[in-house]
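Colleague: Hi! Could you walk me through this structure, one piece at a time?

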Amino acid sequence: MRLLCLPYSGGSAMFYARWRRLLPSWIDVRPVEWPGRGARMDEPLATDPHVLAAKLAGELGGQLDGPYALFGHSLGAVIAFELAHGLLDRGAAAPAVLFASGAEAPAVRDGSRWREPLSDDALKQELRHLQGTPDEALSNAELMRSALPVLRADFLMCGAYVYRPRRPLPCPVHVFAGAGDETGREALETWRRETSASFTLDVLPGRHFFIHTQQAELIERIGAALALRSGRSIDLHRS
């Protein structure tokens, strides 16, 4: 089972590399890097989520020769949703599960506040509000010089996203959320409309970046969900 993992705003998909040590060996964790970061640093940053999802679908479509699942956190959840549709449109099999983490349903997203580029100060304020970046990182001028352009592009993607109603995905949708995040229950439950299969909502302790603070619990639940779809044991010890 391949688990294709998409990053959150301002982040790199290589964050997920550590999951390889924490999930069973039959789950092949594949970080999906976006242009302009990590190994794709030399490529232009994406600012249109639909163009990005189409590009990723074109890159990944020919590589999916077995079962796979998609995981995305925050903006990554929206890109994962669009990627799932893009892969289906190209004739690929449906994912075993779409894991959408830390994001309201695409149908109720409102990114109007991010349609124009944010200043450096405004971006830092957003980071402070989300409580996912240490103060020492925010005060590191060199680090911010490289991080803020990526974050600015990602916020522009949030602002440029337009929901397009389509036939529900034929795969289960499993949503994760932080109990202290600002996203309301109704906006999370609305993901239910995007699947003709099963829907699951798991609310974990923590705020928006529960993906860090509740990593062990999150990974356990991902492993259990994939085991259920694969007919395997839910024991998370690597084997």
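Modeller: Happy to; we will go through a helix, some strands, the cysteines and one phenylalanine. This is a predicted model, where local features need pLDDT of at least 70, side-chain atom pairs count only at pLDDT 80 or more, and totals for chains, interfaces and linings use all residues. Residues are numbered from 1 along each chain as its sequence is written, and side-chain values use heavy atoms, with hydrogens and water left out.

Colleague: Thanks! How far apart are the end C-alpha atoms of helix α2?

Modeller: They are 21 Å apart, which agrees with the 21 Å that its 15 residues (75-89) should span. The expected span is 1.5 Å times one less than the number of residues. Helices here are DSSP runs of H or I with at least four residues, strands are E runs of at least two, and both are numbered from the N terminus.

Colleague: And how many residues of α2 are buried?

Modeller: 13 of the 15 are buried, so α2 is largely enclosed by the rest of the structure. Buried means under 20% relative accessible area, exposed is over 50%, and partly exposed is in between (1.4 Å probe, protein chains only). Just after α2, G91 takes a positive phi of about 90°.

Colleague: Which way do the residues of strand β4 point?

Modeller: In β4 (residues 98-101), L98 and A100 point one way, F99 and S101 point the other way, and all are buried.

Colleague: What does β4 pair with?

Modeller: Strand β3 (residues 68-73) pairs with β4 in the parallel sense over 4 bridges; pairing needs at least two DSSP bridges between two strands. The chain goes from β3 through α2 to β4 in a right-handed β-α-β crossover, meaning that, with the strands pointing away from the viewer, the path from the first strand over the helix to the second runs clockwise. β4 also runs parallel to strand β5 (residues 173-178), joined by 4 bridges, and A100 stands opposite V175 there.

Colleague: New topic: how many disulfides are there?

Modeller: The count is 0, taking a disulfide as a pair of cysteine sulfur atoms within 2.5 Å.

Colleague: Last one: is F199 buried or exposed?

Modeller: F199 is buried, with a relative accessible area of 14%. F199 lies in strand β6 (residues 199-204). Leaving aside neighbours within four places in sequence, F199 has contacts that include V173, V175 and W191, where contact means heavy atoms within 4.5 Å.
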